[in-house]
Amino acid sequence: MTSLHQKDTKVFHALLYLGGFLLFMEWLRPLAIISDTGNVEIFILFAGFCFLLSLIRLTRWIAIPLKFAAVLIILDGLFLQGRIGSQGWLHSFSTQLDYNLGLIQNQVWTDFTPFFRTLLFLIILWLMSFLLHYWFVVARRVFLFVLFTFIYITVLDTFTTYQADSAIIRTVIISLFVFAIASFLNQMDRERLRPAFGKWFASSLIPIVILSSIFIAVGFTAPKFNPIWPDPVPYLTSTAENAGMIEGSDKTVQKVGYGIDDSKLGGSFIQDDTPVFMAESERRHYYRIESKNQYTGKGWERSTNLEFEEQSNGSIDLDLFSSEVKTERLEASITFTEQANFNKLVYPYGLDAITGQEQLELLLEKETGTIEIEGKQTASLLGEYQVAYRYPSFSLEQLSQDNFIDPMDIKAQYLQLPANLPDRVVALAEEITKDATNRYDRSKAIEDYFDNGNYTYQTTDVAIPEGDEDYVDQFLFDTQVGYCDNFSTSMVVMLRALDIPARWAKGFTGGQLTDQSQAFEKEKNTYEITNGNAHSWVEVYFPTVGWVPFEPTIGFTGGADVYQENEGEASETETDEEVDEEEQQQENQQQQEEEQEDTNADVGANNNSNFNVPWYVWLIIVSIIVVLGVMLYVYRYRWLNRLMLYRYPTFDNVQAFERAYHYLLRVLHHQGIKQHSGETLREYAVRVDQQFNLNKMSELTAMYEKILYRNELSLDQDKYAHQLWKDMLTLLL
Amino acid sequence: MSKLSNYHPTIETVLNNIKRVIIGKEEVSVLSLVALLSEGHVLLEDVPGVGKTMLVRALSKSLDCDFNRIQFTPDLLPSDVTGVSIYNPKEMNFEFRNGPIMGDIILADEINRTSPKTQSALLEAMEEGNVTVDGQTIDLKKPFFVMATQNPIEYEGTYPLPEAQLDRFLLKLNMGYPTEEEELQMLQSVSQKHPIETIEAVMDKKELLSLQIEVSDVFIDEMVQKYIINLITATRSHPLIDLGVSPRGSIALMKAAKAYAFIHNRDYVLPDDVKYLASYVLGHRMLLSQGAKFEGVGSNRVIQEILEQVDVPIRKAQYQ
C-alpha cells in the first residue's frame, strides 16, 4: 500500500463522511418547522464544523477546545449579554448553568431555559459527528443510518406539517452515493486492493451518477398515482384517543370533553380535538351548559331533583343576573357536529331566546340553567340554532356594594360544604381574603390567588383523592397541579367557607377562530369548539346583581366583564373578548394542550368518515400478516434454500463457496446437528456423515479446509463441490 | 483420526518398515517421526520391555542412521556421554574419543536414574546441538535425534527430571502394552528370526535432512497460529494449572503440527493437527496445581478440557 493509495482512501472516506453529513442535515432541516427551534442554520453550521474537525482527524487537544469555543460563541451570540469572557458574561453564564443543573437535580426537565436546551443540543450535535464518523468511516455501516433517515423523514411528512417532497429526493440521491462508496470500499478491503481514485472515478462513479440520474429523472417525470388509501393519520389519532376511554375505573385516563357525571373529579385526561359545535358570533365568549351546587369532597352533584319547565316560542326565562346590569344585544348561531353526544344546549350568558330551523320544544331547569330539547337524544340531531342574548357587563360599583343579605333559598343551596372539609382550607380562604373588604374583592382575591406561581396547569398526572382525602384540600396543599376542575372547585369551596354563595358552572370556552371566516372578513366570526374546550368555572352570587362568572383557572380569561362606571366603558378592567393580540397569544400558548391548530382538527374531522375500515378487517389483516410472518419464520430454510440455490448456481469463485458452506453449517445447526465448542470442522463433518452414513460432508469440508487453512484462491473441483453441497441441502430439508 | 488423508509416500515406507518390527503402536511410530522431522526429541515414559529400544532401533535402521545407546546409571559421568580426551603416549598428545552422543539417533535409556550432572550434559547437547569437552566445542552432526526413556515405577534412587529440563523434549509419549492380538502376532514373528535383523534402510540421511526442510515449509495460516496461542494462553489461566505453557511450548506445538501435517501428505496445517498433538506437546510443559493432583486429574484431562473450551477458527476474519 503506497502513500498515494492511502491518500485516495482518505478521499473516499471524506466523500463517505460528507454523505453522512448531508443525511444528517436532513434531520436538522425540519426542526424549524416541527419544533420551535430557531436559528437552525447556526446548528447546521456548528454540525458542519464538528464534522469537519472529525474528518481531518485533528488532535483531540486542539479539536476539543475548538469545538468548545464554538459552543461558547454560539451561546454568547444567542443568549448572553456583554462581552464574551467579561465578568457580567461569566456571571450570566454561571447563573444559567447553575439554575438548569438545579432543575436536573430536581428532575424538572421541562423547565430548562432556551440557553440550556441549546447547550445540550449543541453537545448532541457534537456527539453525532463522532458517531457518524464511526459508522461511516470506521465501521462503514451506512445502511442503518440511511434507513432511519428515511423513516424519520416519512414519519415527519405523514404526521407533521413538514413537506418532505424534496427531502426524500435528496435523501435518495445521497444514500445511493453513500451506498456506492461504502460497498466499493468494503469490496476493496475484502480483495485487499487499493485502486487509485481516478480509476475508481471512471469505473464506478460515472456509472453511479448516470444510473441514479436516470432513476431520479424517471421517478420525477413518471405519472404518479394518488394514494389509494386515504390519509391514515386522522384514523390513527382517533383510534388512539378512543383507546384512552376506558370507563368505570377511577385510575383511568379520561378523554377530555363535556361529561354529565362529576361526582368523582381528578385524574389525567387525554386531548381530543373532535369538534363539538361551531359558533358564529361577533364575540368570543364562554358557552354555559349547567351548574352544580353540591360539593361532596370528591366532586359535584345536584342536591335537588331537576324540575324542567317547558318554554314557549323559544324564549328562555332564565335570569342569571338582574335587569339592572348593562348588556349588549347580540345574536349567534350554533351548529352541533355529530360528535356532540349530550342532549343539552350550550348558550352564552344573558340568553333570551333560542330559535331553530324547526319548532323546538325546549325544557329549562331554572336552578342549574340546563336546557334540554324534548324528543332529541343528542344535541347533534338538532342541527343549527340561533341564540339571541344580552351579553352582560357588570359595574364595579354595583359589585362592590356590601350592604345586602342573601336570600334564604340561595343560602340554603349554595353554601353547602362537606362536614369533613379540612380546616386548613377554611383557614387558607380567610388568609387570602384578610385584606378584602367586600364580596367582590374577596372573590377577586381568591380568583387571583392561584396566580401566585405555586400552582401549575396540566392535564396529565393529576391526582384523584383516595380514601377520606378531600379533592380541594389535596389540590390546594398537596399536589398543586391540576386543570379547570381543580381550580374552579377550589374557588367555590373557599368562597363558601367565607359564607359567600357560589356554584360550579360547566360549559365550553370560546373555541378557536377558524381560518375560513378570517379569509372572508365577515362581521361574525366562526369559532370551532372542540371537546378540548370543555371547561368549568365559578359563579358567585351578588344579591343586587345576580350570578357573576369568575375564572380562577390559570391561563384562562373567561370571567365577567367588569367596568368602572365613572370612567365609562372604555376602561373595562377585565375583558376576555377584547384582549389584545399579545394576551391572546399568551393564552393560546397556555391553552395549547387543550386547543390545537384548527386546521389539523379540520382535516381530522373531514377525513375521519372516509376511513371507515371496520375493526375486524384490521384484525383479519393483522392476523394474516402475523400468521404469514410466523410461517415465513418457521419454514425459513425452505425458502432460504431456494434462495441460496438460486444465488449460488455455481461455485465459480471462492467467496461463493465459503458463503454457501457456511449456509450449510447454519442449516445443519438448525436441524439439530450442532457443532460443539472446540470441535474442528473435520471432526464435525465426520459426525455429520455418521448421521447420514455418507461421506459427502467430509469431502466438502476437505475442500473448504484448503480454502480456509491453505488460503487457496480457487476451487479445483467446483462442480463436484456444488453437487455435494446441493446433495447435502436436499438431504437436510 | 483422519481417514481422508493418507501418509506421505516416503513416510509410509518408513512406517511399514517399522511395522514389521513393532506390531501395533503405529501412533507412537508416527509421533516419533513427527519429532524426528521437526528436529525435536522424544521422552518415552513406560515400563521396561514394551519395545522402546526396538522402536528406536527399527527407526534408525530404516533411516540408515548411526544408532547409539546410553544406559544411564547412577555412576555414569558426563564424559561417559559426551566423550573424553585420552592421552596417546605414542603420539604424545591428547586424543578425543567420541562419546555415545556423537551419533544420529540416540537412545537414552532410563534417563532418570543418573545424576543431574550427567542428565544436564545430555540435555545441553539436545538443546544446543553441540557438546563442550575440555573447553572444546564440538558440533553434533545432523540428524540428531534423542529418544529418552524413563521408568515410572522405580522411584528409589531416581533423579526425576526438573520441569525446566522436561520441556527440552518436543513430545512426551507413552508406549503402552500391545493388545492380545498384537502380542500373539509378535510372538509368531519373533519365533524364528527377529525381524529387526531383516529390515533394510528405506531412506538415507540426506533424504531425511531434505524432508526436515520440507516440513519447515509447510504452510500454517495465521488463524491456526492464533488458535495455538489461544490454547497456550488458556493453560496460563486455567485454575488447575499452577504454571502454564511457555512460548517455547507454542513454537514446539506449531513445529510438531507442521510435521504432523507433512506426514499426512498435506502442505498446510489444520486445527485438527494442533488438537491431536496438544496433549503430547503440552502435557509435560505445565505444572498442575496441588488441587489437580489431589483430585487425580492428569494433565491430559486438563488439556482435553481446554481443547473443548477454545473455539476452532472456522471462517475467515472478513466473514465474521
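**The hairpin of β6 and β7 in chain B**

Author: Two residues lie between the strands in the hairpin of β6(B) and β7(B), and Asp134(B) there takes a positive phi near 50 degrees. This is a predicted model, in which local features need pLDDT of at least 70 and side-chain atom pairs count only at pLDDT 80 or more, while totals for chains, interfaces and linings use all residues. Residues are numbered from 1 along each chain as its sequence is written, and chains are lettered from A and ligands numbered from 1 in the order in which they are written. Strands here are DSSP runs of E with at least two residues, helices are runs of H or I with at least four, and both are numbered from the N terminus.

Elsewhere in chain B, Asn68(B) belongs to strand β2 (residues 67–71). Asn68(B) is partly exposed because 19 other C-beta atoms lie within 10 Å; a residue is buried with 20 or more such atoms within 10 Å, exposed with 12 or fewer, and partly exposed in between, with C-beta atoms placed from the backbone. Leaving aside residues up to four places away in sequence, Asn68(B) touches Pro100(B), Gly103(B) and Ile106(B), a contact being C-beta atoms, placed from the backbone, within 7 Å. Val56(B) is twelve residues from Asn68(B) along the chain, and their C-alpha atoms are separated by 9.8 Å.

Chain B as a whole has 13 helices and eleven strands, and 42% of its 320 residues are buried. Of the contacts in chain B with a separation of 6 or more, 79% are between residues 24 or more positions apart.

Chain A holds 25 helices and 20 strands, with buried residues making up 32% of its 733 residues. Antiparallel pairing is also found in chain A, where four strands form an open sheet in the order β4-β15-β18-β19. Its edge strands, each pairing on one side only, are β4 (287–292) and β19 (546–550) of chain A. On average, neighbouring strands of this sheet are turned by 35 degrees against each other, direction ignored, with axes taken as lines fitted to C-alpha atoms, for helices over the stretch in contact, and angles running from 0 to 180 degrees between N-to-C directions. Five bridges join β4(A) to the antiparallel strand β15 (residues 502–508) of chain A, and Glu290(A) has Lys506(A) as its bridge partner in β15(A). Helix α16 (residues 484–497) of chain A packs on the sheet, touching β15, β18 (534–542) and β19 of chain A, and its direction makes about 15 degrees with that of β18(A).

Key: Contact = placed C-beta atoms within 7 Å. Pairing = 2+ DSSP bridges.
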